[in-house]
Amino acid sequence: MKNSAFAAALAATVLFSPLASQAEDITIGLAASTTSMDPQFYVIGPNSAMARNIFDGLVNQDDKQQLKPGLAVYWKPVDDTTWEFKLREGVKFHDGSDFTADDVVASIKRVPLAATNSPSSFTPYVKGITDVTAADPMTVRITTAEPMPLLPNNLSRIAILPAEMENTTTEEMNAGKGVIGTGPFKFVSWAPDDKVVLARNDDYWDGKAEWDQVTFRVFKNPSARVAAMLSGDVDMIESIPTADMRRLESTEDLQVTKVAGNRVMYLHMDQDREISPFAKGPDGSNPLRNPEVRRALSQSINREAIVDRIMDGQGVPAGQLVPEGYFGYDPSIKVDPYDPEMAGKLLSEAGYPDGFSLTFHASNDRYPNDSKVAQAIGQFFSRIGVKTDVVTMPASVYFSRASNLDFSFIMGGAAVETGEASGVLGPLLETYGDNAGRGNRGRYANPEFDKALNEARETLDDAKRRQLLQKAMEIAMNDLGVIPVFYLANTWAMQDGVSYPGRSDGYTLPYYVTSN
């Protein structure tokens with residue numbers, strides 16, 4: 001096929017050209033592996049970050065997640081249920097084909113197809129779209145069932161592919177077929193859990209990147225990632241282990257970037273099943289369905305201690321799912337205080353004076369100190385009488401099992417992908433269904449929450465929409481549909497002569513990496 005031949009030829013050029021040794025190349029150490037090269041398959045940070053190097057959206061996000069023109073130069077609502085997007089002229093895909101409205105139509109229609117077997121799909125971002133049409137070669141009109149004021153935000157999450165790839169499967173893309181975008185870099189190769197190689201797109205519409213070739217190497221072990229940085233095996237790493245921050249900051253010929261992040265670490269618990277596999281009260285039933293129990297667990301957690309002692313200050317205690325400054329943040333919602341005495345009292349009032357048994361599952365290689373954080377939380381629970389075992393495992397196993405509801409109590413991390421609250425409230429807390437709540441692994445369900453969230457999604461007035469999102473946040477946090485713990489900070493280390501400003505979404509994008 002044309003695309004496979006293109007990738008093979010490009011790889012051969014990069015690997016065997018006599019000019020390659022003279023190229024401006026960069027090697028970057030990643031903390032987590034890309035799990036798919038299909039940019040529309042799985043909503044998870046490592047995949048989304050990698051996709052942004054290869055693909056553009058109609059709308060892109062800047063380093064603070066504010067919207068900016070991407071493949072659309074501007075957009076506007078034509079009426080309450082119709083948006084019009086004017087497309088950028090002269091853009092070409094990596095295979096040399098011209099970008100047109102037909103590619104946008106096909107890409108949006110592909111999203112539900114790409115959702116097959118996805119642990120957390122992109123379908124919520126296109127939910128409500130009833131029609132996508134090419135008004136002319138450079139104009140797209142999108143019709144929605146109800147008003148969708150957040151459509152541009154949602155579409156910033158949808159990668160645009162050539163129209164001919166509409167029926168390309170995730171398996172085919174993982175094998176290298178059809179990994180073709182309009183982004184600053186072209187796909188060369190991918191070895192899962194090892195590395196991704198990209199080559200510069202010299203025809204990128206926003207100006208070509210500084211680097212001829214980018215090699216992303218995966219170092220799930222934090223110590224190995226730091227060792228590669230110190231030895232000079234890589235030019236840059238992301239996600240500095242907290243224990244090594246001061247060491248890297250004080251190392252000559254290295255520099256560090258640290259920015260406030262948008263990812264909240266949270267606890268999800270089974271609120272659906274009366275009998276749950278790893279949460280059992282004296283009568284064998286599931287205590288996690290009781291909101292008083294969930295509040296007791298939340299108040300047993302010393303968030304400040306976790307941030308200070310385990311995260312070495314690289315975080316902020318959280319009482320809701322979006323940090324201050326994001327659209328939908330509710331200043332009236334406070335972080336639950338650390339109060340083990342009150343937590344014990346709440347447990348007794350809920351009918352568990354002697355506690356209950358719980359197995360807490362978490363990843364051990366996905367987030368900074370995820371295993372240590374889980375162990376600490378388990379100890380806090382044990383102190384109020386909840387007999388807690390903590391079991392951690394690699395993310396490659398953990399997340400698929402969590403999505404299959406194999407566990408009762410889990411820890412995850414959710415980034416505010418759209419830059420506003422519905423982008424995390426919906427996936428985590430909306431009542432689970434075919435196109436809703438796909439990341440709701442605790443099966444929280446509250447009709448009042450769903451109503452407020454859906455009204456917000458349909459309200460064009462910004463002030464009213466903010467109030468509705470805050471109402472949805474208040475309902476969910478009163479119920480503790482999930483328990484927020486803390487927001488992560490995003491960090492990078494670089495060799496002297498390399499600079500990166502950092503991003504609130506934590507993405508490592510070499511297009512914005514420069515040499516001094």
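Q: What caps the N-terminal end of α9?
A: N290 does. One of its side-chain oxygens lies 2.8 Å from the backbone nitrogen of E292. Keep in mind that this is a predicted model.

Q: And how many of the nine residues of α9 are buried?
A: Seven of them, so the helix, residues 291-299, is largely enclosed by the rest of the structure.

Q: Which ones are buried?
A: V293, R294, R295, A296, L297, S298 and Q299.

Q: New topic: R441. Where is its place?
A: R441 sits in the loop between α14 (422-429) and α15 (447-457).

Q: Is that arginine buried or exposed, and what is the nearest side chain of opposite charge?
A: R441 is buried, but has no salt bridge. The nearest side chain of opposite charge is D406, 11 Å away.

Q: Which side chain makes a polar contact with R441, then?
A: The side chain of S403, at 3.0 Å.

Q: What else is R441 in contact with, beyond its neighbours within four places in sequence?
A: The contacts include Y42, Y266, H268 and F399.

Q: Now the largest nonpolar core. Which residues touch the most other members?
A: L58, F85, L87 and I142, out of 64 residues.

Q: Which helix gives the most to this core?
A: Helix α3, residues 101-114, with five residues.

Q: Take L87. What is it in contact with, leaving aside neighbours within four places in sequence?
A: Among others, L58, L71, F99, V104 and M138.

Q: What lies apart from that core?
A: Another core, of 49 residues. A279, L347, L358 and A402 are among them.

Note on methods: Residues are numbered from 1 along each chain as its sequence is written. This is a predicted model: local features need pLDDT of at least 70, side-chain atom pairs count only at pLDDT 80 or more; totals for chains, interfaces and linings use all residues. Side-chain values use heavy atoms; hydrogens and water are left out. A nonpolar core is a set of buried Ala, Val, Leu, Ile, Met, Phe, Trp, Tyr and Cys residues joined through side-chain atoms within 4.5 Å. Buried means under 20% relative accessible area, exposed over 50%, partly exposed in between (1.4 Å probe, protein chains only). Helices (H or I, at least four residues) and strands (E, at least two) are DSSP runs, numbered from the N terminus. Contact means heavy atoms within 4.5 Å. A polar contact is a pair of N or O atoms within 3.5 Å; within protein, one must be able to donate a hydrogen and the other to accept it, and residues adjacent in sequence count only if both atoms are side-chain atoms. Lys and Arg count as positive and Asp and Glu as negative; His and the chain ends are not counted. A salt bridge is a side-chain nitrogen of Lys or Arg within 4 Å of a carboxyl oxygen of Asp or Glu.
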